[in-house]
Amino acid sequence: MFFPIRLGRTNAALSVLFESLAMNNVISVGLVGDYDQTVPAHQAIPLALQQSASGLGINLAFGWVPTNEVTSTKRISSFSGLWCVPASPYRNMDGALLAIQFAREKHIPFLGTCGGFQHAVIEYARNVLGWKDAEHAETSPDALRAVITPLECSLVETRGTVRFSANSRIASAYQAPEAVEGYRCKYGLNPAFRSELLAGPLCASAVDENGDVRSIELTSHPFFIAALFQPERGAFAGKEVPLVTAFLHACIA
């Protein structure tokens with residue numbers, strides 16, 4: 001049974017609704033980002049969630065959370081898991097970063113794809129490493145510490161092989177050493193900061209054929225994975241998406 005949540009409810013009504021769902025053992029996922037029906041990833045995400053929920057045999061509710069509504073953690077505190085979705089720059093970058101920080105600090109299952117990957121890097125740089133000047137080159141092109149910068153080769157509507165790190169959570173999700181995934185992305189991790197960013201609990205869990213980072217995860221967190229690619233697009237082919245299934249499994253736990 002599925003409970004997709006309609007847009008247009010007030011914040012207070014959404015909070016009451018999701019608290020009620022939690023009491024009835026319904027897994028709820030907050031989709032943090034600015035919904036646009038023309039974005040392929042936004043079309044794919046509900047399909048991916050429903051297919052994985054069906055495979056797991058769970059009741060699922062999901063709701064879109066515009067970034068400009070995340071002014072406090074109250075807006076997102078009732079969800080079982082948070083997914084920071086593609087299509088940035090967001091209306092409110094601070095709202096996206098607050099949601100990611102909340103998931104990281106409270107050990108709430110977190111999935112980030114494309115823009116979610118980029119902002120997970122920024123949040124970690126600012127709030128864990130203390131780099132308060134960490135920025136995204138798309139919104140701050142003159143920043144001295146742009147941890148997210150233009151990719152050497154744009155990955156807009158391309159597909160490529162990603163290779164998973166041994167014993168990583170993403171490898172466990174896919175049950176394979178590699179996969180072919182699709183992208184719609186122009187920005188990624190700045191190589192100049194790679195070694196410092198990934199020297200601690202945040203680590204690279206997938207790279208492309210050139211060795212460039214394509215997913216990250218926190219080893220100190222029950223489930224915190226962010227991918228530059230968009231695995232959700234696999235749902236268009238009617239296939240269960242392994243990473244989404246793993247995410248929902250973590251939400252159950």
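This note goes through the predicted model point by point, from its confidence to its strands, helices and single residues.

1. Basis of the model. The model is predicted, with local features requiring pLDDT of at least 70 and side-chain atom pairs counted only at pLDDT 80 or more, while totals for chains, interfaces and linings use all residues. Residues are numbered from 1 along each chain as its sequence is written, and side-chain values use heavy atoms, with hydrogens and water left out.

2. Confidence. The chain averages a pLDDT (the predictor's confidence in each residue, from 0 to 100) of 92, and 91% of the residues score at least 70. Over residues 1-9, however, pLDDT stays under 50, and for this stretch the model has 24 contacts (heavy atoms within 4.5 Å) beyond four places in sequence. Where pLDDT is low, the predicted coordinates should not be read in detail.

3. Strands β2 and β3. Helices (H or I, at least four residues) and strands (E, at least two) are DSSP runs, numbered from the N terminus. Strand β2 (residues 27-32) pairs with β3 (pairing requires at least two DSSP bridges between the strands) in the parallel sense over 6 bridges, and serine 28 has alanine 61 of β3 as its bridge partner. Together with helix α2 (residues 40-56), β2 and β3 make a right-handed β-α-β unit; right-handed here means that, with the strands pointing away from the viewer, the path from the first strand over the helix to the second runs clockwise.

4. Burial of β3. In strand β3 (residues 60-65), 6 of the 6 residues are buried, where buried means under 20% relative accessible area, exposed over 50%, and partly exposed in between (1.4 Å probe, protein chains only). Leu60, Phe62 and Trp64 point one way from the strand, whereas Ala61, Gly63 and Val65 point the other way.

5. Strand β4 (residues 81-84) runs parallel to β5 and is joined to β5 by 3 bridges, with glycine 112 of β5 as the bridge partner of cysteine 84. The chain crosses from β4 through α3 to β5 in a right-handed β-α-β crossover. The 13 residues of helix α3 (residues 93-105) should span 18 Å at 1.5 Å a residue, and this agrees with its end C-alpha atoms, which are 18 Å apart; the expected span is 1.5 Å times one less than the number of residues. Just after α3, histidine 107 takes a positive phi of about 60°.

6. Strand β5 and its other partner. Phe110 and Gly112 point one way from β5 (residues 110-113), Leu111 and Thr113 point the other way, and all are buried. β5 also pairs in the parallel sense with strand β11 (residues 224-227), over 4 bridges, and leucine 111 stands opposite isoleucine 225 in β11.

7. Two single residues. Leucine 155, in strand β7 (residues 145-164), counts as buried at 15% relative accessibility, and its C-alpha atom is separated by 5.0 Å from that of cysteine 185, 30 residues apart along the chain. Serine 77 lies in the loop between β3 and β4 and is partly exposed, with a relative accessible area of 42%.
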